[in-house]
Amino acid sequence: MNAQPDHACFHCGEPLPDHPATATIDAEPRSFCCDGCAGAAQWIRDADLGDYYALRSAPAGQVGVEPVDFSAWDRDDLLHEHVHAVEGGREITVLTDGMRCAACAWLIDRALRREPGVLDISANAVTGRIRIAWDPAKVVLSALLQRIAALGYRPYLSGGEAGEQARRAERNRWLLRLGLAGLGAMQAMMFAEALYLDFNNTMPIATRDFFRWVTLLVSSPVVFWAGWPFIAGMLRELRGRRLGMDTLVASATLLAYGASLVETIRGGAHVWYDAAVMFVFFLLAARMLEQRARNIASAQVDALARARPVIAIRELADGGREAVPVAALRVGDIVRVAAGDALPADGRLLDDEACFEEALLTGESTPVRKRAGADVYAGTVCREHPARVHVRGVGADTRLSQLARLVEHAQEHRPPLARLADRIAGWFVLALLLAALLVWLGWRIHDPSRALEVTLALLVISCPCALSMSIPAALAVAHGALARIGVLALRPDALETLADVTDVVFDKTGTLSDGRPRRASVETTGGFDVQQALRIAAALERDSGHPLAHVFADVEGAPEASNVRAVPGAGIEGVVDGVAWRLGQSGFACGGDDDGDLWLGDGHHGVARFGVHEAARAEAAEAIAALRALGLRVHLSSGDSVDAVARFGQALAIDDVHARQTPEQKLAFVRALQAEGRRVAMVGDGLNDAPVLAGADVSLAVADGAALAQRAADLVATHPSLMRVPESVALARRTRRIIRQNLAWALGYNVLALPLAAAGLVTPWLAALGMAASSLTVTLNALRLAPRRESRQKPQPRPATAMIAAAPSQAD
């Protein structure tokens, strides 16, 4: 019995509350975290599926007690893209993130097979997918999904039946190819062993030829069907007039097969069928492992797919409600989201207060409490109580869809380093073919009977598979690890460049600060009305998108402003009630000396001064210390006043600070560092830093949402935590180290293997084994970059740095 500790739930392993639920299982009292887990355990025992608890290697998912309504999944208008007809019924593939081990898949399979109307069921613990075929005349889909959820495995819609079918077909083809190659390799080796053991040539010629013809029959489907991906790849490379790994693989395989066929027909001394099939088998295994490494990078896309809700509850004009597919939502609709459900669209909160879990989008595990008017995003989960949301973004315009596109875009990139490896591999293939020709000629002179065998071994053992796979495999896993911590690479060489940075330049407002300045004081001159000054300032800042807009967000009754224009490094100007106003630095707003405060004036005279305070992000000091621990120099470049920036730098222990910097001056500062031979990373909020973000060697935008549209940045952090910066640098350096290790292994292996093969000390089948081992080694080494399965512990919150007086300029 794989039971949980006494202090943990018997079913899911979660900590027990003060008053746990209890149930008697196999005549023993058991404790549970909730009634849902207790009910699931009782049902499992009553259904005679108790072996699940003995077989599992990890706890089940928590069932919970919140009711889940799957009735909408029975609607044809919702599922038409996800369901297809099969003999006797329909079929759908759903996702779940609750399967932890093979026992979970076993439990789901056994439980659903007991339900009437289920035609077939297949659960895969590795991919988290459950394929269900059912007869709608006997059972509705919602009942089956309810059974899955009752066991602790919450189902979600997959990305579409067409995509799922293509994924399954591709996976099945590779599995069939690998299985056929494995069986063929075993049979070919068995017959080859019989021929090898005939040391004294006592085997009758008829028996020898019989073994060869049988081996030919076994090898043919392996070479031409299981090995077809390599032959097709060779044809593509030849059509493109280039030499690559597939050319060498296919030519070596076909050479071994063709020479063996000729020797079989004419009764020659040697055949090499075993080398051909072993080569295909080992390479297929290595290729599938490489695909596994790439699939790790796709995990975030699957997670985004799981976040998409199935239906939305739309509020009608008369106050009623209707359930509609998410695709039917339009901007301007009002939706109601139940506690525990995911938001179907982006929007603004209408209730006074609500709590949302944004872990998928930001990596922040703690639910975020929001107030009326706050932005909320599709895919985030409503907690505590229901919420009303005014829809502002649907479908492809949601932040969830933007993230999915960014992840997919990052996966499609082929960095220059990977292209360089391909070019090296191409020249290596050409050199190897020439070397093979010379070796063949040499052995034809020395020992003609072994010329072809030695040449085959040389081609096989020196195949640059490991060289071609060393960089792509590492980068694929690294991009997946980046996505896991909430950072998306938008440029193909971003990760490579990030590993080489020596200096990090930070913007302040919205980057090192929390991005939400607070109004501390208001002073007017000449008897100007305080409320009128606040309304004018609020009108100017209303649609600016700058963090200073938060200073006046609470001002009511602000009039409309026209001809509003931001002046980088100075402030903002516009016309309010027919009067031209300026808001920003003292010199810009009223022609005075810079005093660090925010002024409202007409350009010559000031009418109001606003004292503005902002706080550093809670983790800013920790992130800067982590960057220094990595050996990086940290700089602060801000558009704020000298005194404000100096105080901010002192509070965060940043010695090199630069104040009153326009975007052009920030870029000039970065250029000056680069002229000294430094490699510079720029970290900004993605709002007004486009020039310097584009001009730095590598840039990272940290923001609450604006950065997703900031194409000037090389990387985007989907969570505002600054700890993502040192984490990304550390990961980039680890990736570089893994790539160097892979390249060293691949090149070192070939340097050692070439002389051995050329000297005739390696048989072709042993060469195939060595080549596959080399490829598997670099792929397994790349998988070390993958994040561990256990969730990252959330660091304890640190006290925020004391409020720092500042008046952020429009340029910061």
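Reader: How many bridges join strand 12 to strand 15?
Author: Three, and the two strands run antiparallel. Strand 12 covers residues 353–357. Keep in mind that this is a predicted model.

Reader: Which residue of strand 15 is the bridge partner of F356?
Author: C382 is the bridge partner of F356.

Reader: What order do the strands of that open sheet have?
Author: The order is 13-12-15, three strands with antiparallel pairing.

Reader: Which strands stand at the edges?
Author: Strand 13 (368–371) and strand 15 (381–383). Each has a single partner strand, so one side of each has no neighbour in the sheet. From one strand to the next, the twist averages 40°.

Reader: OK, helices now. At what angle do helix 7 and helix 8 pack?
Author: About 45°, with the axes 5 Å apart. Helix 7 is residues 205–226 and helix 8 is residues 228–239. That angle makes helix 7 oblique to helix 8.

Reader: Which residues make the contact?
Author: Helix 7 gives V223, F224, W225 and A226, while helix 8 gives W228, P229 and I231. By class, the contact has seven nonpolar residues, no polar ones and no charged ones.

Reader: Last topic, the hairpin of strand 3 and strand 4. How many residues are between the strands?
Author: Two, and G88 in this hairpin takes a positive phi near 90°. Strand 3 (residues 83–86) and strand 4 (residues 89–95) pair in the antiparallel sense over four bridges. A85 has R90 of strand 4 as its bridge partner.

Terms used. Residues are numbered from 1 along each chain as its sequence is written. This is a predicted model: local features need pLDDT of at least 70, side-chain atom pairs count only at pLDDT 80 or more; totals for chains, interfaces and linings use all residues. Side-chain values use heavy atoms; hydrogens and water are left out. Two strands pair if DSSP finds at least two bridges between them. Axes are lines fitted to C-alpha atoms, for helices over the stretch in contact, and angles run from 0 to 180 degrees between N-to-C directions. Angles under 35 degrees count as roughly parallel, over 145 as roughly antiparallel, 65 to 115 as roughly perpendicular and the rest as oblique. Contact means heavy atoms within 4.5 Å. Ala, Val, Leu, Ile, Met, Phe, Trp, Tyr, Cys and Pro count as nonpolar, Asp, Glu, Lys and Arg as charged, and the others, Gly among them, as polar.
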